[in-house]
Amino acid sequence: MTFNSLTFLIFLGIFLACYFATRGNVRLWVCLIGSYVFYGWWDYRFLSLIVISTLIDYTVGLLLGRTDNPTTRKLQLTISLCSNLGLLGFFKYFNFFIESFHHVAQTLGLGGSVSTLNIILPVGISFYTFQTMSYGIDVYRRQIPVEQSLLRFATFVAFFPQLVAGPIVRASDFIPQLYTDHPFEWDRALSGTGLVLAGYFKKVVVADGIALVVDRVFAEPSAHTSLGLMVGVVLYAFQIYCDFSGYSDIAIGLARVMGFDFPENFRTPYVARSFSEFWQRWHISLSSWLRDYLYIPLGGSRLGTFMTYRNLLLTMLLGGLWHGADWKFVIWGGLHGLYLVLQRLLGDGWQRLRKAVHLPDLMNDWLQMGLVFFLTCVAWISFRANTLADACDIFARIASFDDLSLMTIRNRILVAKSIFVIALLLVAEAVHRRKPLNLWLLRSPVFCVVSFAVILWLIALFGVFGSNQFIYFQF
Amino acid sequence: MNRWLMVALFLVTLFAGDRIGGALLENVLYRSPQRYSMLYEGRFSSEVVAIGNSRGVHVLDGALIEERAGTSVTNIGHNAMTPTVIRAIFNDYLEHNPPPKLLIVEASCVTSKTGRGLLLDYKPFWRRSARLRQLGESYSPNTATACQLSHLYRYNSEMYLRALSYWLRGRSDQQSFMYQRVTPSFIAAVEQMKPREFRIVPAELEALRGLIEDATEAGVNVKLIYSPVLPAYAERVTNLEQFLSDVSQATGREVQDYSGAITDASEFADRFHINRDGSRHITEIMIERGLFN
């Protein structure tokens, strides 16, 4: 069941009616059963993985709460981490590592045959695994109390709005909210609905509309000119942003309607003027997770320049691998790691140069924004290309800069439509940056009525209705 | 503002905007010089009508043929068109426009099944075409219901965007060239392809026969053609002659074979489509062979 399907809208109607009609533990049961139905609709067999992950981390949490012995606690945390990473490793990375090992063996002339398993990747496993892992680590660090109620803990793990594609909500943020019965609040419903509609606009109008062009370009890179490929890559940058942030907006908006506050997951990332700023704006829940549970434990920036660079690179490489079991994702992560390192290396030089040539602030901002966007697009090539060979081909063709015709793009009318809807989005985001639109929604009923209607008209007129999967489901 | 009043105001705004927007978009649609807008407005009066899928669109370029042969030609083909849809549209043509003397059909359309996507692309014209609406409804009842609920949704289609684009540019869509050119690596890849067969879809062949009957009844002469195929690809197809003979036998019309008429690969955009140079070249060949007589 995806957010952009009719089935989901029917499910949501029934769920919300039951949710607001109940209180206390009954409401938690409604949330849990609703979430399991939502997930099981895709493949009920994989519900068992969520249940196993829930039971392990709940039990480890209880055990951690019962002992002060550091060795025992470390062992308990290790059990939690191993079981979570074991599930993730088996379902997501088993074939990848086997195949990579085989390639290395072949390169070294060791040959031999390889057999992989036909493993289906359970939707959302990377998200809920990271969520439950953070609970275990936080309890181990004594940053949060142990959750005694299995029902509440299971609801935290499986809560359907963010279960399959984030945001990755920390136990410290979410579990305390599950202790309160949130009544229906008109203002929350309005701002939540606004966010949900914005999310649908991003997904159904922008992302899925752009996909019609992008999919063709990446399916046959050799049939496109340099400029055609550039257009495809830039459009993909907006496709993935709108697809993923659209999902997050719907998730956060639905939670808000139900009375929960989830952290922001995207904050107009393409206006970032540096890569560190980009990662404070893009998939914030993952980047902050990686910062808190990987980068800082590795030493962060406390162990000298070289170790800082090593930690940045390692964190981004693993962040890339988190996205998918393929070297192209590792390269994507590696490129971002490299960007972060280069930024630290060259940042001071840039500032000195800027002062020397008296570059105005505004122009400096635009230059930096353009550079960050350009380099982000370069990294997206390896992320989106169907194979590494395709990615290299696209890089080479764009770099050759030999043919600046757009005539190889077949449905140029769809490119024009894509540019139009992206322009609409950018204008809305620019307005939102100056004054958050949810404040406008709450202050002016007329604005609320008109903006909701306009979004629905745009969805009716430009939406792509095929229940297209969200890109991040595959991760 | 009272909450119920706000909800009511929202519903009224949503409904009114949808209806007004729908009416405006419909108005623009029928002002466009796009082929189907012209067709349903009864603005055609050509001697020859050409129809087919994308191959038919690029091989029978209305503007080019008119310029070179001096015969008025209208192309009402569209990408992925099948005989089922062609039959509905040609009958609509006869209903809204004077009948042509000659109908030319590009015959490769019998190899595709009628799909939901194709029919839904025509939904801006459902209000004028009972035939297309019925076909659309039978393939996607949900879409038909959605079109009733939202008039804006009727115009959510690539076809509408095309109409809008031609309206804004103020030019006809009868000239429709492809600009790509196959590369040596593409040709090499085609040469490595496994041998393949063209398969006729029986229901579509039946629809083609029906189309010929309808046209003949209206006094329109029908010619079938098969347009050029990239030579490297033609070599991979094992049953081209058999395919053409099967279509001829089933329809009682000879399929004029232009599959090998263009031998220069640089005149192809891909395996199945000629580019601008190819369109110009094939037009001369077709005139020479008296196709439009």
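## Questions about chains A and B

Me: What is the relative accessible area of Ala80(B)?
Reply: Ala80(B) counts as partly exposed. That class lies between buried, under 20% relative accessible area, and exposed, over 50%, with a 1.4 Å probe and protein chains only. The value for Ala80(B) is 46%.

Me: What sort of model is this, and how should I read names like that one?
Reply: Residues are numbered from 1 along each chain as its sequence is written, while chains are lettered from A and ligands numbered from 1 in the order in which they are written. Side-chain values use heavy atoms, with hydrogens and water left out, local features need pLDDT of at least 70, side-chain atom pairs count only at pLDDT 80 or more, totals for chains, interfaces and linings use all residues, and the model itself is predicted.

Me: Where does Ala80(B) sit, and what is its phi?
Reply: Ala80(B) belongs to the loop between β2 (73-75) and α5 (83-96) of chain B. Helices (H or I, at least four residues) and strands (E, at least two) are DSSP runs, numbered from the N terminus. Ala80(B) is not a glycine, yet its phi is positive, at about 65°.

Me: What phi does Thr268(A) have?
Reply: Thr268(A) lies in the loop between α10 and α11 (275-279) of chain A. With a relative accessible area of 10%, Thr268(A) is buried. Its phi is positive in a residue other than glycine, near 35°.

Me: Which residues does Asp173(B) touch, and is Asp173(B) buried or exposed?
Reply: Asp173(B) sits in the loop between α9 (158-169) and α10 (184-191) of chain B. Because its relative accessibility is 6%, Asp173(B) counts as buried. Contact means heavy atoms within 4.5 Å. Not counting residues up to four places away in sequence, Asp173(B) touches Pro33(B), Gln34(B), Arg35(B) and Tyr166(B).

Me: How far apart are the end C-alpha atoms of α1(A)?
Reply: Helix α1 (residues 6-21) of chain A has 16 residues.

Me: Why can we say that the buried residues of α1(A) line one face, and what arc do they fall within?
Reply: The buried residues are Phe8(A), Phe11(A), Leu12(A), Phe15(A) and Tyr19(A). An α-helix has 3.6 residues a turn, so residues three or four places apart point the same way. The arc is that of the directions from the helix axis to the C-beta atoms. Seen down the axis of α1(A), the buried residues line one face because they fall within an arc of 105°.

Me: What covers that face, and which residues are exposed on the other side of α1(A)?
Reply: The cover over the buried residues of α1(A) includes α2 (24-43), α7 (160-163), α9 and α10 of chain A. On the other side, the exposed residues of α1(A) are Leu6(A), Ile10(A), Ile14(A) and Ala21(A).

Me: Which elements do the buried residues of α14(B) pack against?
Reply: The buried residues of α14(B) are Gly278(B), Ser279(B), Ile282(B), Thr283(B), Ile285(B) and Met286(B). They fall within an arc of 170° seen down the axis, so they line one face of the helix. They pack against α3 (54-59), α4 (62-69) and β4 (221-226) of chain B.

Me: Which residue caps the N-terminal end of α14(B)?
Reply: The helix runs over residues 276-288, and just after it Gly290(B) takes a positive phi of about 75°. A polar contact is a pair of N or O atoms within 3.5 Å; within protein, one must be able to donate a hydrogen and the other to accept it, and residues adjacent in sequence count only if both atoms are side-chain atoms. At the N-terminal end, a side-chain oxygen lies 3.2 Å from the backbone nitrogen of Asp277(B), and the capping residue is Asn275(B).

Me: Which residues is Gly136(A) in contact with?
Reply: Gly136(A) lies in helix α5 (residues 125-140) of chain A. At 1% relative accessibility, Gly136(A) counts as buried. Leaving aside neighbours within four places in sequence, its contacts are Leu64(A) and Leu77(A).

Terms used: The expected span of a helix is 1.5 Å times one less than its number of residues.
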